[in-house]
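Here are my notes for someone opening this entry for the first time. Have the viewer ready and follow along.

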Amino acid sequence: MCLGIPGRVLAIPDGYHDQIALVEVSGEQRKVNIGLLDGDPARPGDWVIIHMGFAVEKTDEAGAEAALSGLRLLQRGDLP
């Protein structure tokens, strides 16, 4: 299991062979490698789970919120 951060794809910039996406993570924009995503490529508006600068899976808005909720619990130390 890895710790993943959800982010929303804003754009796929030219010049990176469709391997890099500009992704919004907690209000900040980051370049994320999307080359590990199999099958359906990431597009603007998609949600992805990011680990170590790589998008490791696509998710939806509900999945992104669930991941953020889990991270908030870890931050507070309220795990059962």
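1. **What you're looking at.** This is a predicted model, where local features need pLDDT of at least 70, side-chain atom pairs count only at pLDDT 80 or more, and totals for chains, interfaces and linings use all residues. Residues are numbered from 1 along each chain as its sequence is written, and side-chain values use heavy atoms, with hydrogens and water left out.

2. **Overall layout.** The protein chain has 1 helix and 5 strands, and along the sequence they come in the order β-β-β-β-β-α. Helices (H or I, at least four residues) and strands (E, at least two) are DSSP runs, numbered from the N terminus.

3. **Size and surface.** For 80 residues, a compact globule would have a radius of gyration near 12 Å, and the 13 Å of this chain agrees with that. That radius is taken over C-alpha atoms, and the globule rule is 2.2 Å times the number of residues to the power 0.38. The C-alpha atoms fill a box of roughly 45 × 25 × 20 Å along the principal axes.

4. **How much is inside.** Of the 80 residues, 25% count as buried. Buried means under 20% relative accessible area, exposed over 50%, and partly exposed in between (1.4 Å probe, protein chains only).

5. **The core.** Which residues make up the largest nonpolar core? There are 11 in all, among them Val-9, Ala-21, Val-23, Val-25, Leu-37 and Ile-50. Strands S2 (20-25) and S4 (47-51) are the elements that give two or more residues to this core, and S2 has the largest share, with 3 residues. A nonpolar core here is a set of buried Ala, Val, Leu, Ile, Met, Phe, Trp, Tyr and Cys residues joined through side-chain atoms within 4.5 Å.

6. **Strand S4.** S4 pairs antiparallel with S1 (residues 5-11) over 4 bridges, with Ile-5 standing opposite Ile-50. S4 is also joined to S5 (residues 54-59), again antiparallel, by 5 bridges, and Val-48 stands opposite Lys-58 there. Two strands pair if DSSP finds at least two bridges between them.

7. **Ile-50 up close.** Leaving aside neighbours within four places in sequence, Ile-50 is in contact (heavy atoms within 4.5 Å) with Leu-3, Gly-4, Ile-5, Gly-7, Val-23, Val-25, Val-32 and Ala-55.

8. **The hairpins.** S2 and S3 pair antiparallel over 6 bridges, and Val-25 has Glu-28 as its bridge partner in S3. That hairpin has 2 residues between the strands, and Ser-26 takes a positive phi near 50°. Ser-26 is exposed, with a relative accessible area of 66%. The hairpin of S4 and S5 also has 2 residues between its strands, and Met-52 in the turn has a positive phi of about 55°.

9. Most residues other than glycine have a negative phi. His-17 has a positive one, near 55°. Is His-17 buried or exposed? His-17 is exposed, at 74% relative accessible area, and lies in the loop between S1 and S2.
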